[in-house]
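Let us learn to read a protein model by question and answer. Have the sequence and the picture at hand.

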Amino acid sequence: MLKILKYSFYDLMRSRWSYVYFLFYLLLGMVLLFLNNDLSKAVITLMNIIIILVPLIATIFGVMYFYNSREFTELLLAQPLKRSSIFLGQYLGVAGSLTMSLVLGLGLPFALYGLFQSGAILNFSLLILIGGLLTFIFAGLAFNIAISNENRIKGFGYAVLLWLFMAVIYDGLFLLTLIVFEEYPLDTFSLIATVFNPIDLSRILILLKLDISALLGYTGAVFKDFLGTRLGFIISGAVLLLWTLLPVWSLSAKAKRKDF
Amino acid sequence: MIRIENLYKRFGRNEVLKGVDLNIPEGGIYAVLGPNGSGKTTLIKSVLGLVIPNKGSIKVLDRPVKGQWKYREEINYLPQIANFPGNIRVKELIGMIKDLRQKAGDEGTLIRMFGLEPFLDKKLANLSGGTKQKVNLVLTFMFDSPVIVLDEPTSGLDPASMIALKDLIQKEKQAGKTFLITTHIMQFVEEIADQVVYLLEGQVYYTGTLSGLLEKTGQKDLEYAIAAITSEK
């Protein structure tokens with residue numbers, strides 16, 4: 001698996017897209033710092049962008065890489081290699097190189113601005129960590145979609161729909177339910193509903209850590225009660241990890257059954 | 001060497017293999033023949049574990065292959081369509097496959113044999129179909145494995161390379177290798193094959209020598225014999 005990872009990573013490092021992604025984050029970090037002129041404020045703005053953009057880029061990139069490397073995959077499948085390690089190696093290569101672009105692209109401008117001397121370092125690290133997890137989660141989901149769909153157009157369609165659902169539609173439905181059932185106590189429901197969407201979960205985790213949960217009103221207090229504690233933080237972190245592992249497990253199960 | 005028992009494979013509603021039984025002993029060249037869509041490639045891909053059969057068993061070197069991957073160390077496989085990642089160079093591709101297989105490969109002789117020296121630093125996307133097929137052949141023949149599986153090895157080759165390929169096959173056969181070859185070029189079969197396996201509608205219609213097939217169909221020429229079986233059905 002490490003060999004496949006090496007070749008996938010190497011292949012991606014030579015592709016233009018990794019640099020585009022890296023430069024995009026570099027530019028974003030610099031512009032945010034320039035506009036906000038303050039590290040902690042820039043971190044909050046950054047959160048809103050990371051929460052939406054990282055999943056989108058990971059999804060699109062994951063599907064694109066899977067379809068583009070079909071020839072490479074076919075070549076590898078005939079070699080004495082374990083099937084699951086071929087796909088896991090490619091997945092880790094994609095997710096790893098995207099995470100590297102994210103960490104370097106955002107890390108460089110913030111570090112130059114004096115991140116290490118400021119109090120924002122913890123918040124910033126959490127933000128990057130969650131960005132990395134979201135990359136792994138959505139690249140994994142994208143690989144699952146691509147391996148189940150021979151048709152590239154369909155695969156791309158489903159992948160974009162998945163992102164749209166998680167980033168936009170889910171919140172809409174969530175809000176709608178809250179309005180329709182406003183007469184009932186909804187604290188438990190909203191907690192559970194949040195856990196089922198990695199984007200929402202990440203957002204709330206960061207909001208709580210940044211101590212701006214007051215923005216969430218009464219529900220914010222409930223969330224703070226649960227997620228703000230050490231136990232809550234550990235549980236939500238575990239759920240995010242579960243979100244990362246589930247697509248990987250399903251990918252290797254799908255790879256075992258597929259005909260090429 | 002390769003033992004296939006009661007093999008079934010279905011793609012959606014399309015039943016491709018319907019109970020194939022085949023036993024291939026060690027040494028010699030076996031040609032798998034059959035009309036388009038008779039299941040030749042599916043059969044070969046099942047042996048390699050690229051296609052997962054619905055029913056039946058396959059053993060390579062007396063070991064069942066289901067869910068296994070180690071046995072592929074004993075097989076060199078030439079895929080039908082040479083699909084390579086387009087953005088890497090020929091030299092890098094050869095090095096990569098050697099690295100992945102962890103085996104010493106004798107690519108130098110083969111590169112000279114097929115005249116690939118000028119292409120070593122070119123990207124695979126810029127090669128012609130025939131040149132890609134030559135690279136494909138180098139990748140297949142550079143390792144020393146007891147089983148060699150070739151799916152349409154002649155496609156796109158010029159006459160000189162065709163002769164080189166035939167010499168190569170004969171040389172490896174002398175070394176005691178077992179070949180499984182599919183092709184539509186009957187002249188090629190007549191020249192190199194020891195035994196033929198004829199697949200028809202997902203089943204083995206005939207296994208044996210070439211002359212036996214001619215006798216069975218009452219034809220003088222292999223091409224006509226094949227055509228006769230196909231139109232008869």
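Q: What should I know before reading?
A: This is a predicted model: local features need pLDDT of at least 70, side-chain atom pairs count only at pLDDT 80 or more, and totals for chains, interfaces and linings use all residues. Residues are numbered from 1 along each chain as its sequence is written, chains are lettered from A and ligands numbered from 1 in the order in which they are written, and side-chain values use heavy atoms, leaving out hydrogens and water.

Q: Where does α7(A) bend?
A: A bend is the angle between axes fitted to the seven residues ending at a residue and the seven starting there. α7(A) bends by about 50° at Phe165(A).

Q: Which residues of α7(A) are buried?
A: Buried means under 20% relative accessible area, with a 1.4 Å probe and protein chains only. An α-helix has 3.6 residues a turn, so residues three or four places apart point the same way. In α7(A), the buried residues include Gly155(A), Ala159(A), Leu162(A), Trp163(A) and Met166(A).

Q: What do the buried residues of α7(A) pack against?
A: Contact means heavy atoms within 4.5 Å. The partners are α3, α6, α8, α9 and α11 of chain A.

Q: Is Ser69(A) buried or exposed?
A: Ser69(A) has a relative accessible area of 5%, so it is buried. Ser69(A) sits in the loop between α3 and α4 of chain A.

Q: Which residues have the most contacts inside the largest nonpolar core?
A: A nonpolar core is a set of buried Ala, Val, Leu, Ile, Met, Phe, Trp, Tyr and Cys residues joined through side-chain atoms within 4.5 Å. The largest one has 137 residues, and Phe141(B) and Ile169(B) have the most contacts inside it. Helix α6 of chain A, residues 121-148, gives the largest share, 16 residues.

Q: Is Phe188(B) buried or exposed?
A: Phe188(B) counts as buried, because its relative accessibility is 2%. Phe188(B) lies in helix α6 of chain B, residues 186-192. Among the residues that Phe188(B) touches are Pro153(B), Leu165(B) and Ile169(B).

Definitions and conventions
Buried means under 20% relative accessible area, exposed over 50%, partly exposed in between (1.4 Å probe, protein chains only). Helices (H or I, at least four residues) and strands (E, at least two) are DSSP runs, numbered from the N terminus.
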